[in-house]
Every structure is written in structure tokens, then in C-alpha cells.
Amino acid sequence: MVYGAYGFTGELVVREAIAQGRRPILAGRNEASLKPLADKFELPLRPFDVGDAAEHLDGVGTLINCAGPFASTAEPLIAACLQRGLHYFDVTGEISIFQAAHKQHEAALKTGVILCPGVGFDIVPTDCLAALLKQALPDATHLELAFDFGTLPSMGTTRTAIQSIGDGCLIRENGVLKSVRLGYSTIKVPFASADLWAVSLPWGDVFTSHVSTRIPNAIVYGALPHAVCWLVRLSNPLRGFLARPGVQKKLVALAGRFLGDGPDESKRISARTGFWGRVTTGDGRECSGTITGPSVYAMTAELAVAIALKAESWEQDGGYFTASMLVGADFLSNREGYKVEVQRVSEDTGAVRQSDPLH
Ligand SMILES: NC(=O)c1ccc[n+]([C@@H]2O[C@H](COP(=O)([O-])OP(=O)(O)OC[C@H]3O[C@@H](n4cnc5c(N)ncnc54)[C@H](OP(=O)(O)O)[C@@H]3O)[C@@H](O)[C@H]2O)c1
């Protein structure tokens, strides 16, 4: 079952599942929006609100939740999956969702259910890269990860990002999550394709990389134009104002004027994404790596379906899993459309930390 099937990402996931020879049940809260999709692909539909999910899961083995912001949908759907014994996957990048799913590890273990949020662009490549770097340098104490979107985001992604402005940024320090200001750190990242400026962001890997690697210090960067990195930083005093519901609504409307629904098919085919990671030890050793991959939304649909299909042949214990724990650190290494490179330990990658007058 694909929940949120008529959203931008949901429909891509449905198309990918069909391409993989599956006939997913299309689900979402609005029957009128589900119907044209169900008619087009001749697939069954089940309209329901997330709070009523447990009553609508007969005959379903695996659920892929594409209905975001996931703060409104993930917890009730995870609860329903635990109650009915279904495997749960979603394409969130929201830290609070990873935390909520992680807390259900014992319950998932008892029921033999896989809980694996974040099976898209965020966090599959970065999670696999973090796990590969940990294998290369097992005593690493610090992890940096960065991603380059490579294209404009969809409205759903933008809405989710706007909703989280008020939360500021998070990093991991000595094993615990620490709240820091927006734009806490800015670096120039040597992605495989180019060196790009990037600013620290509170994306899912800040939480999940610790589950996957146990590296106690972590920070995640998103590539943005240099001026925007500074705007993120300078917006700190306005955080409370920007988090007000009325202001959020205006920001979403403003973004909608520029973005449309999301990248069109030509962009989804041609755009490339980039990922970089580096681990370091206290005594100065380091190891870095890069991944390049398909565009954000093509990748998200492809990976979500590929990883969810693993559940069909799953014979081990259930529980909470990050992507790399479920499918292995080298999942992308020989996958068509991806290039994964991990440097030798201690090789200098040349990432430049910007001198930071605001610190
Ligand atoms: N981690 C990643 O790599 C990644 C990649 C792609 C997308 N995403 C995330 O996926 C989410 C969806 O993105 P999108 O581009 O597909 O957005 P979208 O086109 O706006 O679609 C959102 C879908 O979620 C549904 N939805 C929202 N809130 C709901 C609720 N409370 N109950 C039931 N359904 C609800 C919407 O239904 P209605 O139309 O009825 O509101 C719609 O079907 C976003 O949070 C985005 O950040 C993450």
C-alpha cells in the first residue's frame, strides 16, 4: 500500500512500484484525489484518515507512507502498522519521525515488523556513506555529511522545510542531540561534481547516523548558494516570527509562486544529486567519500520501492532500522545510476571551513 499516493512523490512511488511489477493499493485521505489515479493505473483504492488506518489495512503486508509533512502522518500510521503487523516505510527526513520510530523498536521487535523511515534521497545515500566511512575508519569520533539537491524542491518538501524553521538547527555532540542556531556552520564541500557552499541543517541523518554508526559527533550540511547560506544564518533573530502560522502560510504561498508542484520529468531524468561525507579521529586521521546519484525525486521513488520490496523476503527479527542497517552500507555501491567513492584513510579532501565572524 502507498499512502499519500496522489501527492507528487506518492505518484512517483506508485509508478515505480508498477514498473517493478507490483500492484499497490492506493491510499490517502481524499477519495476524489485518489480516484483518477486508481482509474488511470487500474489499481484498488482505499481512502482513509491516518487516525483510522488500522481499520483499513486488511490484506496489506507493507506500507510506504508518502504523506508529508510526516509530523502529521507517521506516528498514527506506525501505530496502525504495529497493531496490524505490517512493515512500515516512509520518505521522511524529519528528525522527530526517526526518533518516534526508534522509540518503537521493542514493539516492532515483538511483532516482527520492520520500521524503516527515510527510504528516499534523505537518508539512504548519506546513511550508506556514513556506514561505509565508519567501516573504513572504525574509531572515528566525528562525522560530517553533506548533500546537494541538484534541482528545485517540490512544494511538499518546501512546506516541510518551512514548517521546521522555528526548530532551528540540530547537531550531535558527545552522543546527544544539541540545539544550535540556524546556519550554525558553513563550509565549502568537495562534492564529486564541484566544490559547493553548504550550511548545517537539521536533517534526518543528525539522528540516524548515530544509530547506524555510533559515531558520537555529527553534523549535516545542505548545499545552497553562498548568499542563501548567509540568509539562513541571518534569519536567526526572526525564527519566532517565521514560525508563526500566518507567516508560514505566506511563506508557503510565496514559495508556491516560484516552484509549481515539483521538478518536471526532464529535470527528474537529467538532474543529478551529490553527497559527501568525512569521518575524523581525535589524532588527525580522516577518511572521506562521495556519492553521485539520480535526481532527488527519481531516486526517492526508486529507492523507496527497492528497499520496501526487501520486506517481502525478510526472515529476520523486526525492529527499527536505518536504511544501511536494513540493506547494507554498500547498497548503492554497484547500483545502476550511482557512483560511490571512498578515499584512502587520512587523505586530505580539501574541505574549507569558512572563517566565521559570527561565532
Ligand atoms: N526524504 C526525502 O528524500 C524526500 C523526498 C521527497 C519527498 N519527501 C517528503 O515527502 C513529503 C511529500 O512530498 P510531496 O512532494 O509528495 O508533497 P505533496 O505533493 O504536497 O504531497 C503530500 C501528500 O501528503 C498528503 N498529506 C499531507 N498531510 C496529510 C495528512 N495530515 N493526512 C493525510 N494525508 C496528508 C497530501 O494529501 P492532501 O493533498 O489531501 O493534503 C498529499 O497526498 C514531504 O514531506 C517531503 O518533504 C522527502
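Strands here are DSSP runs of E with at least two residues, helices are DSSP runs of H or I with at least four, and both are numbered from the N terminus. The model in these views is predicted.

**Figure 1. The hairpin of strand 8 and strand 9.** N174 lies in the loop between strand 8 and strand 9. Strand 8 covers residues 169-173 and strand 9 covers residues 176-180. The two strands pair in the antiparallel sense, over five bridges. In this pairing E173 stands opposite V176 of strand 9. Two residues lie between the strands of the hairpin. Phi of N174 in the turn is positive, at about 50°. Most residues other than glycine have a negative phi. N174 is a residue other than glycine with a positive value.

Figure 2. Strands of a sheet pair through backbone hydrogen bonds. N65 is placed opposite D90 of strand 5.

**Figure 3. Two cis peptide bonds, G68 to P69 and D122 to I123.** Most peptide bonds are trans. The bond from G68 to P69 is cis, and its omega is near 5°. P69 belongs to the loop between strand 4 and helix 3 (74-84). The bond that joins D122 and I123 is also cis, with omega about 25°. I123 sits in the loop between strand 6 (114-116) and helix 6.

**Figure 4. Domain 1 and domain 2 in contact.** The protein is divided into two parts: domain 1 has residues 2-120 + 299-327, and domain 2 has residues 124-295 + 333-353. Their C-alpha centres are 24 Å apart. Domain 1 gives 22 residues to the contact and domain 2 gives 24 residues. On the side of domain 1 that touches domain 2, the elements giving two or more residues are helix 1 (8-19), helix 4 (95-103), helix 13 (296-310) and helix 14 (323-327). Helix 4 gives the most to this side, with four residues. The residues on this side of domain 1 are nine nonpolar, 11 polar and two charged.

**Figure 5. Helix 4 against helix 8.** The axes of helix 4 and helix 8 cross at roughly 35° and come within 8 Å. I95, F98, Q99 and H102 are the residues of helix 4 in the contact, and V206, F207, T208 and V211 are those of helix 8. By class, five of the contact residues are nonpolar, three are polar and none is charged.

**Figure 6. Helix 6 against helix 8.** Helix 6 (residues 124-136) packs on helix 8 (residues 205-213) at an angle of about 40°, and the axes are 10 Å apart. What word describes the way helix 6 and helix 8 lie to each other? An angle counts as roughly parallel if under 35 degrees and as roughly perpendicular from 65 to 115 degrees. Helix 6 and helix 8 are therefore oblique to each other. Their crossing is right-handed. From helix 6 the contact takes T126, D127, A130, A131 and K134, and from helix 8 it takes D205, T208, S209, S212 and T213. Of the residues in this contact, two are nonpolar, five are polar and three are charged.

**Figure 7. Helix 1 against helix 13.** The axes of helix 1 and helix 13 come within 8 Å of each other, with a crossing angle of roughly 50°. This angle makes helix 1 oblique to helix 13. The crossing of helix 1 and helix 13 is right-handed. T9, L12, V13, R15, E16 and A17 of helix 1 make the contact with Y297, T300, A301, E302, A304 and V305 of helix 13. By class, the contact of helix 1 with helix 13 has seven nonpolar, two polar and three charged residues.

Methods:
Residues numbered from 1 in each chain as written. Predicted model: local features only at pLDDT ≥ 70, side-chain atom pairs only at ≥ 80, totals over all residues. Axes fitted to C-alpha atoms, helices over the stretch in contact; angles between N-to-C directions. Parallel < 35°, antiparallel > 145°, perpendicular 65-115°, else oblique. Left-handed = near helix turned anticlockwise from the far one by under 90°. Contact = placed C-beta atoms within 7 Å. Nonpolar A, V, L, I, M, F, W, Y, C, P; charged D, E, K, R; others polar. Domains from an automatic or database assignment. Pairing = 2+ DSSP bridges.
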